[in-house]
Amino acid sequence: MKESWYNTLQKIILTETFPHDWIRMFTHLANLFFEQSSIIKEEDDDAIQVGFTLDLQNGIYEGKAALSWKGGQYGSAFSEKAEEGNEKTKTRQLKRIYSHLFLEVLEQATGMQQAWGILTGIRPTKLYHKYRRQGMSSEEAQQMLQDRHRISQEKSELLAIIADVQLRAIPDLYELKNGVSIYIGIPFCPTKCAYCTFPAYAIRRKNGRVDSFLDALHEEIREMGKWLTAHDMEITTIYFGGGTPTSIEADEMDALYETMYDSFPNMDKVREITVEAGRPDTITPEKIEVLKKWGIDRISVNPQSYTDETLKAIGRHHTVQETIDKFWLSRNMGMRNINMDLIIGLPNEGVEEFRHSLDETEKMQPESLTIHTLSFKRASEMTRNKEKYKVAGRETVEEMMRMGEQWTAENGYVPYYLYRQKNILGNLENVGYSKPSEESLYNIIIMEEVQTIIGIGCGASSKFIDRETGKITQFYNPKDPAAYSLAFEDAIEKKLAFLDAVFPEGVK
């Protein structure tokens, strides 16, 4: 299998007619093998042709697929007991069966194996937890992942390890539904990175939008705090993200934390407060003193890469040396829980550059390290101008991921959360590692979707989780600072209605 195969547009003809949501499913699966794919109806000599048959006999679905491409013929078969349930249950099962068949013939035709099987938009660890909560043993849950979703044995074992770490970090993980966590979004950065699609705007103070945003943010914190206080809610974790929350000035940070402590109830019971200081060029001694004043010692100092040319190429206007200096400044001033991020597959980086990043990280030994795999997010600068950004092929990013796994094990880190994104290089994953007992509780909670998270601030996403069914309702604050400043009151009203629906009688 040559890496160049992954960088092609591939047309696919399906001999049956499917609804639009099925076409999206087939396209997402095909994109695991080809950078871009298109399901077409017209004849094309270069297109892959795939046909399916499905029979139901004695309560068993028997499915087959046949694929022809470039003179080769490939076939797959899959059978599964028909599930009882409504039409939605039936459709979900049929989609899974067709996904099995489609994936297998594509694996045969391309020679590529997909370790994550048919999963494209599902949180794998959440799926493992679901099976455990249904009463399965760890071995049974892993086997279910392998049989039902085609996940490899290696990946299913990784999920089991992560889930065990999560339950040690949060023993009551499955019982958090009566509390909430808080996300506070501050949308400013020194510059916007080429791969970024978060609400992040280059901070400019002359036009007054920073001040007007902060005025609105204080008010939203106070109003949400009134509801939380009236319901005597317990807050499990608070996370300041963005953007870069340390882009604002030290006195502005101080005032924000004061409003938070004045407004939110039961602050003595909050298990963790995190502030992403992800851009080293925003960290100053004055800001660290503010963090210490409010008892916040968990921050992120994110290098992404330890190659200056890479940082310049992706739009990060700090140097490698500045990352190192700001890490030690934070450590020496009392920051006791520091996270760092590295990204596999950044432009013009390969095994040698990633090895260098790991070597530099080893000198600092942060409490946690998240290894991301580059994802071409639809709205990012990098995706809009792909020809400008040359990235590593599938085999190289897989080797870099293995290097990360080996390095973390050798340095005493354990994996504690995992998530995947569409259009991620090599169909890989993002994995958070930590020293024992240094896990980010917020990261676990948001990835496993076990608790309502109230999003406050610009572009913040709220997830309201029904305490009986687990159904998730999402609500997004406006992404643009000016729009947020105008519409935050309406957003508060809508979120309070969602909270009243989730906690109609409070939790006492």
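Two strands are taken to pair if DSSP finds at least two bridges between them, and strands (E, at least two residues) and helices (H or I, at least four) are DSSP runs that are numbered from the N terminus. On that basis, G185 has G241 in β9 as its bridge partner. The model is a predicted one, in which local features need pLDDT of at least 70 and side-chain atom pairs count only at pLDDT 80 or more, while totals for chains, interfaces and linings use all residues. Residues are numbered from 1 along each chain as its sequence is written, and side-chain values use heavy atoms, with hydrogens and water left out.

**Strand β9 and its partners**

- Strand β9 covers residues 235–242, and eight of its eight residues are buried, so the strand is largely enclosed by the rest of the structure; buried here means under 20% relative accessible area, exposed means over 50%, and partly exposed lies in between (1.4 Å probe, protein chains only).
- Strand β6 (residues 180–186) runs parallel to β9 and is joined to it by six bridges.
- Strand β10 (residues 272–276) also pairs with β9 in the parallel sense, over four bridges, and here T237 has E272 in β10 as its bridge partner.

**Backbone exceptions**

- Most residues other than glycine have a negative phi, and most peptide bonds are trans.
- The peptide bond between G242 and G243 is cis, with omega at about 15 degrees, and G243 lies in the loop between β9 and α7 (250–263).
- Q304, although not a glycine, has a positive phi of about 65 degrees; this residue lies in the loop between β11 (298–300) and α9 (308–313), and Q304 counts as buried because its relative accessibility is 8%.
- N348 is not a glycine either, yet has a positive phi of about 65 degrees; N348 lies in the loop between β12 (337–344) and α11 (351–364), and is exposed, with a relative accessible area of 56%.

**A charged surface patch**

- E42, E43, D45 and D46 form a negative surface patch, where a patch is made of residues with over 30% relative accessible area and no salt bridge, like charges being joined within 9 Å and nonpolar side chains (Val, Leu, Ile, Met, Phe, Trp, Tyr) within 5 Å.
- A salt bridge is a side-chain nitrogen of Lys or Arg within 4 Å of a carboxyl oxygen of Asp or Glu.
- Asp and Glu count as negative and Lys and Arg as positive, with His and the chain ends not counted; the place of a charge is taken as CG of Asp, CD of Glu, NZ of Lys or CZ of Arg.
- Accessible areas come from the Shrake-Rupley method with a 1.4 Å probe, and for residues only the protein chains shown count as cover.
- D45 is found in the loop between β2 (36–40) and β3 (48–57), and counts as exposed at 82% relative accessibility.
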